[in-house]
There are 2 protein chains.
Amino acid sequence: MKLPGKTVQRLSRYRRILYKYRYLEEPYIFSHDLARLLNINPVQVRRDLMLIGGSGNHRKGYHVKELMQLIGEKIDSEKGRKIILVGIGKLGQAIAEYLSDREMFQDIIALFDIDPVKVGKTMYDIPCFDIRDLSQMIKKKKVSIAILTVPSDYAVTIAELLIDSGIEGILNFTSVRLNTPENVFVQDFDIITSLEEMSYRLSLK
Amino acid sequence: MKLPGKTVQRLSRYRRILYKYRYLEEPYIFSHDLARLLNINPVQVRRDLMLIGGSGNHRKGYHVKELMQLIGEKIDSEKGRKIILVGIGKLGQAIAEYLSDREMFQDIIALFDIDPVKVGKTMYDIPCFDIRDLSQMIKKKKVSIAILTVPSDYAVTIAELLIDSGIEGILNFTSVRLNTPENVFVQDFDIITSLEEMSYRLSLK
């Protein structure tokens, strides 16, 4: 069964709430609590959970661990498990630190940079390699997702290298739009452009 | 003249390229170089610049400083000039550092947190205040854009406080969807959900 993108996004968010309760002894949660915590309509939550076959207990709610496992079975894929992060400037470091700190199904398995001071080091428990080893690592470890945080001047070249090496999904934090083949997914996170566009939109009001 | 959102985004990106050349003596740039650096069709670049009244010199290209000023006149607004960042955890710090390092039309004028260790300090040259002073500061300084990087449990409460105080644009880095009035713009940057959704999409291929 193919789930709509919005449903996958919500399931991902439900799971992140559930993570927090996982160390409790036999924790349960009600759909309306999940709904409240995420600011979603409770009917929507129940519909999503029913869609993936989740069933709650009327008195206790949903079993947290079972629900986490169920969500994982539906949305996790071995293919998207390994992530690399390319470009360890300030933003790259921040994202590496932020993600290394999280309980995620996915792992950042390697960082890449050209700076000899960083290459060979371990940052936030993740080893940093020379960008010359990028292609080999992607192929060897079957990495399919890359977070791109290189300076914009390098974005196109590095993106091409990533795709040629087998990367199928890119989270693009550079200001450059990438022309990628149809089978490669790109999601743009351009913070500065978003702030400037927001400012423009405010001026029209 | 109201510019389409995509045009504003491109103009913002052109300007970021231009910034790099601003210290040169009388710098010029060709539209095809701008296009190449941003991976955009040169015809598109010329069309955008023509739309805002920019004119290039056939032999030298566009005058960098004039073009920067022209873009600023078209897309910058006094209303969106001041930004605050709320929630100075790891991601908040990272974004503050990343943005404080940039040449932007916009300024992050204040950080907000509840942690007494952070409140009263200056981080990345930006003062950090107690969240209790949030509302007063927004009104007094006429702040209209906030970057929201609080833990998800606080997202709804803080967003309501922001909007009640006069904020009209929110860059939302939490995993919570915000129900905001129509006149408030929200842009979501949910990195973990994006990674998980990408993983799911890869599994369908």
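Tutor: A helix here is a DSSP run of H or I with at least four residues, a strand is a run of E with at least two, and both are numbered from the N terminus. A:Arg15 falls in one such run, helix 1 (residues 5–19) of chain A. This is a predicted model: local features need pLDDT of at least 70, side-chain atom pairs count only at pLDDT 80 or more, and totals for chains, interfaces and linings use all residues. Residues are numbered from 1 along each chain as its sequence is written, chains are lettered from A and ligands numbered from 1 in the order in which they are written, and side-chain values use heavy atoms, with hydrogens and water left out.

Student: Why is A:Arg15 called buried?

Tutor: Buried means under 20% relative accessible area, exposed means over 50%, and partly exposed lies in between (1.4 Å probe, protein chains only). A:Arg15 has 3%, so it is buried.

Student: Which residues is A:Arg15 in contact with, leaving aside its neighbours within four places in sequence?

Tutor: Contact means heavy atoms within 4.5 Å. On that test A:Arg15 touches A:Met68, A:Ile71, A:Gly72, A:Ile75, A:Asp76, A:Phe105 and, from chain B, B:Glu196.

Student: What makes A:Asp76 and A:Arg15 a salt bridge?

Tutor: The rule asks for a side-chain nitrogen of Lys or Arg within 4 Å of a carboxyl oxygen of Asp or Glu. The side chains of A:Asp76 and A:Arg15 meet at 2.8 Å, N to O, and pass. A:Asp76 is in the loop between helix 4 (64–75) and strand 3 of chain A, while A:Arg15 is in helix 1, so the bridge ties together parts that are 61 residues apart in sequence.

Student: Why does A:Asp76 count as partly exposed?

Tutor: The relative accessibility of A:Asp76 is 22%, so A:Asp76 falls in the middle class.

Student: How do you know that A:Lys118 and A:Asp115 form a salt bridge?

Tutor: Their closest N and O atoms are 4.0 Å apart, and the pair is counted as a salt bridge. A:Lys118 is buried because its relative accessible area is 18%. A:Asp115 has 26%, so it is partly exposed.

Student: What makes B:Arg10 and B:Asp48 a pair that ties parts together?

Tutor: Their side chains meet in a salt bridge at 2.5 Å, N to O. B:Arg10 belongs to helix 1 (residues 5–19) of chain B and B:Asp48 to helix 3 (residues 42–51) of chain B, so the parts joined are 38 residues apart in sequence. Both B:Arg10 and B:Asp48 are buried. Elsewhere, salt bridges with shared partners link A:Arg13, A:Arg16, B:Arg177, B:Asp188 and B:Asp190 into one network.

Student: How many salt bridges does the rule find across the interface of chain A and chain B?

Tutor: Ten cross it. One of them joins B:Asp190 to A:Arg16 (3.1 Å, N to O). Helix 8 (residues 191–204) of chain A gives the most to the side of chain A that touches chain B, with 14 residues. Over all chains the count comes to 26 salt bridges.

Student: How much area do chain A and chain B bury between them?

Tutor: Buried area is the accessible area (1.4 Å probe) that two parts lose on being put together, summed over both. For this pair it is about 6,700 Å², 62% of it on carbon and sulfur atoms. In contact are 70 residues of chain A and 70 residues of chain B.

Student: Why is B:Thr193 called buried?

Tutor: Its relative accessible area is 2%, so B:Thr193 is buried. B:Thr193 lies in helix 8 (residues 191–204) of chain B. Leaving aside neighbours within four places in sequence, it is in contact with A:Gln9, A:Ser12, A:Arg13 and A:Arg16.

Student: Why is B:Thr157 called exposed?

Tutor: B:Thr157 has a relative accessible area of 53%, so it is exposed. It sits in helix 7 (residues 152–165) of chain B.

Student: Which residues of helix 6 of chain A are buried?

Tutor: In helix 6 (residues 134–141) they are A:Leu134, A:Ser135, A:Met137 and A:Ile138. They cover an arc of only 165 degrees around the axis, so they lie on the same side of helix 6 of chain A. That arc is taken from the directions from the helix axis to the C-beta atoms. On the other side, A:Gln136, A:Lys139 and A:Lys140 are exposed. The buried residues pack against strand 3 (82–86), strand 4 (107–113), strand 6 (126–130) and helix 7 (152–165) of chain A.
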